Amino acid sequence: MWQYILRRTGQAMVVIILVTFLTFLLLHNLPGGAARSALGLDATPAQIDAYNEQMGYDKPFLIQYMMYLGRLASGDLGFSFQQNQPVADLIVQRLPKTMLLSFLAAFVALVVSIPLGAIQAVTRGKVPDYFVTAVALFAYATPLFFLGMLLIVLFSQTTSLLPPQAPQGFGLGEILADWPGLILPVATLAIATLAAYTRYVRSSMIDNLQENYIRTAKAKGLSGGRVVVRHALRNSLFPVISLLGMYIPALFSGALVVEQLFNYPGMGLMFWQATQTRDFPILLATTTIVALATVIGSLLADFAYAVADPRVRLSGDS
Amino acid sequence: MFFENRLAAVGLLLIVGLVAFSFLGPLLHPTDQVHTDLANAYAAPGVEGYALGTDGVGYDQLGRLMFGGQTSLIVGLAAGLLATAFGTLWGATAGFVGGWVDAVMMRVVDALLSIPALFLFMLIATIITPTVPMLVLTIAAFAWLNPARMIRGDSIALRSRDFIVAMRGMGGGSLRAVRTHVVRNAIGTVIVNATFQIADAILYVAYLSFLGLGVPPPAANWGGMLSSGLSEIYSSHWWLVYPPGILIILLVLSFNFVGDGLRDAFEVRLRKR
């Protein structure tokens, strides 16, 4: 067990270092350079040189990268000249809101998809199975922003049951106080996630229903419902733990679109705005933080899976 | 085998239909998709010979859907195929060579996969100028990761199979093994995966357009038309929103149906996507 944890943690560290390197490399090639985007179009060449020297941007690439890693290790994420704030402060404000949105969506998707997937597996090849598959496929094939718009038309424009805009507020408390505004954004993200989750629960459940222990349980005379819920479903949920880890990047991607559509003041919206103004420090820091969250999230999911299901940690290579 | 799956047949027909609509349609319904016609902006469907009305700058919407379909199809297909080809080579090499080469190659895949796709796209898009070839490269730059992982798995499983061991015993090298055995045996996985990649690429084009990183006008694609149609949601210009949205859904669904059908045909072990 400890060996497994150590090996996965080691891999994760390598991945994190690689991510910071790749992002830094990509943004290093930002047209016009970071100085131009910070100082604006009116900056003179002398001012740009001075800025580059002050920030260390005139040094060789690898030295710059090492300096960046050093600052990162001490929690310094840089300073956004356009927002006139340290990037770390901005992220501390924004990240919890994106986390709230993503967690709520993942939770709703999970709560809905587990029974749906189970029903599909039990009625495999019959009408309910086909129906849910069709709905899930439609949800998958619909661009997230179109889905969100359809919900807005349905629930705010035609019936005015729910507000079309996400809660606006500085802190999590203010966001939660305006909870009706959260319903549509969370629903949009959840429906998109649902498609993948039900498919996964269904196939995991089908695999388990064919196992010998299910036949044994039935032969012992247990009722069908009890076999399905107590035996098959419980075992089918183990892989779902790792699915949660696997879908973190998709959730963040989705949050980017949903935040933009519903004007939700999270990290996705900040990132989008930063791409429009080429706010170098925000782009760099946001990508790093999001990737870090993904790596840590999937690491935790793998550990949880290994704790829950001993077969995983014994089978070696993933 | 393939046509036993009725949905796959429907999907294939739909794809053929949508390709014909986009590429042959303009021959039957020629329209000017370059010059704006502000006098006829927002004409309702059916008015003055505009079957599906006009958009905010007077482009014929039906003609624009055909024109935009070309970009969506070309970018989707090109990006999906490019990603699959590159991912296959990467994954087959990593899995077959093994050892530290495999470890390094796969950590690169892990690192790129841990940056959420849209964040990565937007980073790349702030660096490049969006044109059709650039859009293809941007999407392919992310989309090759999943096929690489999948094919690596296949290639590791194949490595220890008897016929490979036998070939090695007869003096065959790694290159020959990858070329004649690994790639051929994994071809089912590759083709099935390619169809899903195309479907995903079509969606990614739409997302990039929504985030303001699509190909600028007068070029068009369904995703761009849909996202610019979103601002018409409070006016009653439904023809600017629903037709491109429905076409995207149909196209993505079709490629998925075909992918499922091909998977049955190749009898590839059911994968959990």
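Q: Which side chain meets Arg202(A) in a salt bridge?
A: The partner is Asp129(A), and the N to O distance is 3.0 Å. Please keep in mind that this is a predicted model.

Q: Where do Arg202(A) and Asp129(A) lie in chain A?
A: Arg202(A) belongs to helix α9 (residues 180-209) and Asp129(A) to helix α6 (residues 127-141). The two are 73 residues apart in sequence, so the pair ties together separate parts of chain A.

Q: Is Asp129(A) buried or exposed?
A: Asp129(A) counts as buried because its relative accessibility is 2%, and the cut-off for buried is under 20%. Arg202(A), by contrast, has 22% relative accessibility and therefore counts as partly exposed.

Q: And why can such side chains pair at all?
A: Side chains of opposite charge can pair when their charged atoms come close.

Q: Let us turn to chain B, then. Which side chain does Arg152(B) meet in a salt bridge?
A: Arg152(B) meets Asp102(B), with 2.7 Å from N to O. This pair links distant parts of the chain, 50 residues apart: Arg152(B) is in helix α7 (residues 145-159) and Asp102(B) is in helix α4 (residues 99-113). Both residues are buried.

Q: What about Arg149(B); which side chain is its salt-bridge partner at 2.6 Å?
A: That partner is Asp110(B), and the 2.6 Å is again given from N to O. Here, too, distant parts of the chain are linked, with Arg149(B) in helix α7 of chain B and Asp110(B) in helix α4 of chain B, 39 residues apart.

Q: Which residues are joined with Asp110(B) into one network?
A: Arg107(B) and Arg149(B) are joined with Asp110(B) through salt bridges that share partners.

Q: Is Asp110(B) buried or exposed?
A: Asp110(B) counts as buried, since its relative accessibility is 16%. Arg149(B) has a relative accessible area of 39% and is partly exposed.

Q: A change of topic: where is Ser102(A)?
A: Ser102(A) is part of helix α5 (residues 87-122) in chain A. With a relative accessibility of 6%, Ser102(A) counts as buried.

Q: Which residues does Ser102(A) touch, leaving aside those up to four places away in sequence?
A: Ser102(A) touches Leu189(A), Leu251(A) and Ala255(A).

Terms used: Residues numbered from 1 in each chain as written. Chains lettered and ligands numbered in written order. Predicted model: local features only at pLDDT ≥ 70, side-chain atom pairs only at ≥ 80, totals over all residues. Heavy atoms only, no water. Helix = DSSP H or I, 4+ residues; strand = E, 2+ residues; numbered from the N terminus. Buried < 20%, exposed > 50% of the residue type's maximum accessible area, 1.4 Å probe, protein only. Contact = heavy atoms within 4.5 Å. Salt bridge = Lys/Arg side-chain N within 4 Å of Asp/Glu carboxyl O.
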